[in-house]
Amino acid sequence: MRAITGGDINYYFVCQRKLWLSTHQVRFESENERVQLGSVLDQESYQREHHQRMIDGVVAIDFIQNWKIVHEVKQSRAIEKASEFQLKYYMYYLKKKGIAIDQGVLDYPKLKERIELQLTPEDELEIDQVLHAIKTIINQDEMPPRTKKNICRSCAYQEFCFS
C-alpha cells in the first residue's frame, strides 16, 4: 500500500470522493486554474526560504525554519480545517521520524495572516483515526458518493462530479 501524503489528509477533510479519485489516478488538478495560482503563490511567497522539501516522497513541506518550525502556504482560509490537519500531519510525520518540531505555521500571504499551531496528543490521536479512515476509503472498490459543498464551485473535480 502506498504511503498517505499530506494531500491525502487535506482531501479527507475537503471531500472524500476527491480523495478516492486522486488516489485512483483520476487527477484534474494540473489543469485547474486555482491549483495553478496556488502553485505560483507558493513559489513567489517567502522566496528566501527553501521551498518544497519532499520527505520520503510522502510529505511536501512548503518550507521549514531551522528544522523547528514547519510552514504551509495557502491562498485562503476557505478550507482551514483541512489545511490545519495537513500541517499537523507534517509535524506528526516528522515526530515519528525523530525530528522534534516546535510549531507549525499556516501562512496566508494574500491575506497577510498567519496562524501558529501546536501538535497536541489529542491531534495525534485524531490523525491516527484519520489515517485509518483514509486507508478504508482508498481501498473501497467504488468511490464515495458526491456531496454538494460550497467548495465544489472551485474544485478541479467539479465537472466530473456534477456534469
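Let's start with Asp123 and Lys88, which form a salt bridge with their closest N and O atoms 3.1 Å apart. By salt bridge I mean a side-chain nitrogen of Lys or Arg within 4 Å of a carboxyl oxygen of Asp or Glu. This pair links distant parts of the chain: Asp123 sits in helix H5 (residues 121-138) and Lys88 in helix H4 (residues 80-96), 35 residues apart. Helices here are DSSP runs of H or I, at least four residues, numbered from the N terminus.

Are these two partners buried or exposed? Asp123 counts as buried, at 9% relative accessibility, and Lys88 is buried at 9% as well. Buried means under 20% relative accessible area, exposed over 50%, and partly exposed in between, with a 1.4 Å probe and protein chains only.

A quick word on the source: this is a predicted model, where local features need pLDDT of at least 70 and side-chain atom pairs count only at pLDDT 80 or more, while totals for chains, interfaces and linings use all residues. Residues are numbered from 1 along each chain as its sequence is written, and side-chain values use heavy atoms, with hydrogens and water left out.

Now, how many salt bridges does a search of the whole structure find? It finds 8. Among them is Glu72 with Lys74, at 3.2 Å from N to O, and both of those residues are buried.

Next, please look at Arg114, whose side chain meets Asp107 in a salt bridge of 3.3 Å, N to O. Asp107 is buried at 1% relative accessibility, whereas Arg114 is partly exposed at 47%.

Methods: Helix = DSSP H or I, 4+ residues; strand = E, 2+ residues; numbered from the N terminus.
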